[in-house]
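Hi,

Here is the structure I promised to pass on. Have a look at it first, and then read my notes below.

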Amino acid sequence: MSDPLFYVVEIDLPSGQAGRDLATFRDWYANVHAPHLYEAGFTTCTSYRGVSGAMQVVDIYQAPDWSIFESERFARYRRVAAADPHLPPFMTGIPNIRTPYVAASPGSDAARQPLATDWITLWRLDADATVTARITDWLAEEGEATLRSRGIGRVRVLKRTRPAPTGTSDRPAVALVLESGSRPADEFIDAAGAPDFLRGALGKGPHFCGYRLYPWPDDRGLMAPDAA
């Protein structure tokens, strides 16, 4: 059985013009970039604006497996993207980190579900196989129930796979992806509410929490902790 790909792309927009550049990026992403990526074979293309943690914007793409990067459809996309006349000029050379992941547990049902959530939180972990297995056990025994009681829906445990052909990453080996319909409590954004063994694996891996950038407007009300 092939491993579904969960591809995380983090970017920082230029400082000093954040409002204008964010709006420009959002329009380009929705009307040009995402359609091209669907044509390339990705099954999910979505973008989140950060309210806490590393980088300003996180784009997440899903595909059936790694072979998408070796397909002619993806090669065609790269040719189209290289000549994209609509690419905002400030997108060239901006800081970006590209991390491909697969499920830490082969056959995980959660990993195969399409990403369809309004808020997302990433915990990055310096975890070996033993710690990763302990995380999986904790989630099954009590972690998922605890998180659900605090508004977190699906939780994905992911591990890094081969480097992407389009960029590099310095992110830790493992990530937890927390999905929610509203902004999570602060203790779950930075993992302060996680058990000690899990917090110990966070290391220097930066977290991220953000809300869906498109099609939502950039509404200040979405920033409120009790936003629905």
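Let's start with F42: not counting residues up to four places away in sequence, F42 touches Y7, L37, Y61, Q62, A63, I68, F69 and F74, where contact means heavy atoms within 4.5 Å. Before going on, a word on the ground rules. This is a predicted model, so local features need pLDDT of at least 70 and side-chain atom pairs count only at pLDDT 80 or more, while totals for chains, interfaces and linings use all residues. Residues are numbered from 1 along each chain as its sequence is written, and side-chain values use heavy atoms, with hydrogens and water left out.

Back to F42. Along with L13 and F25, F42 touches the most other members of the largest nonpolar core, which has 28 residues. A nonpolar core here is a set of buried Ala, Val, Leu, Ile, Met, Phe, Trp, Tyr and Cys residues joined through side-chain atoms within 4.5 Å; buried means under 20% relative accessible area, with a 1.4 Å probe and protein chains only. At least two residues of this core come from each of β1, α1 (18–40), β3 and α2 (72–82), and α1 gives the most, with eight. There is also a second, separate core of 21 residues, with A104, A127, V155 and A191 among them.

Those element names are DSSP runs numbered from the N terminus: helices are H or I with at least four residues, strands are E with at least two.

You can see both at E10: its bridge partner in β3 is V58, and E10 stands opposite I97 in β4.

Is β1 mostly covered or mostly open? Covered: seven of its seven residues are buried. In a regular strand the side chains alternate between the two faces of the sheet. In β1, L5, Y7, V9 and I11 lie on one side and F6, V8 and E10 on the other, and all are buried.

Finally, β2 (residues 44–53) and β3 pair antiparallel over six bridges, and T46 has I60 as its bridge partner in β3.

Cheers

Methods: Buried < 20%, exposed > 50% of the residue type's maximum accessible area, 1.4 Å probe, protein only. Pairing = 2+ DSSP bridges.
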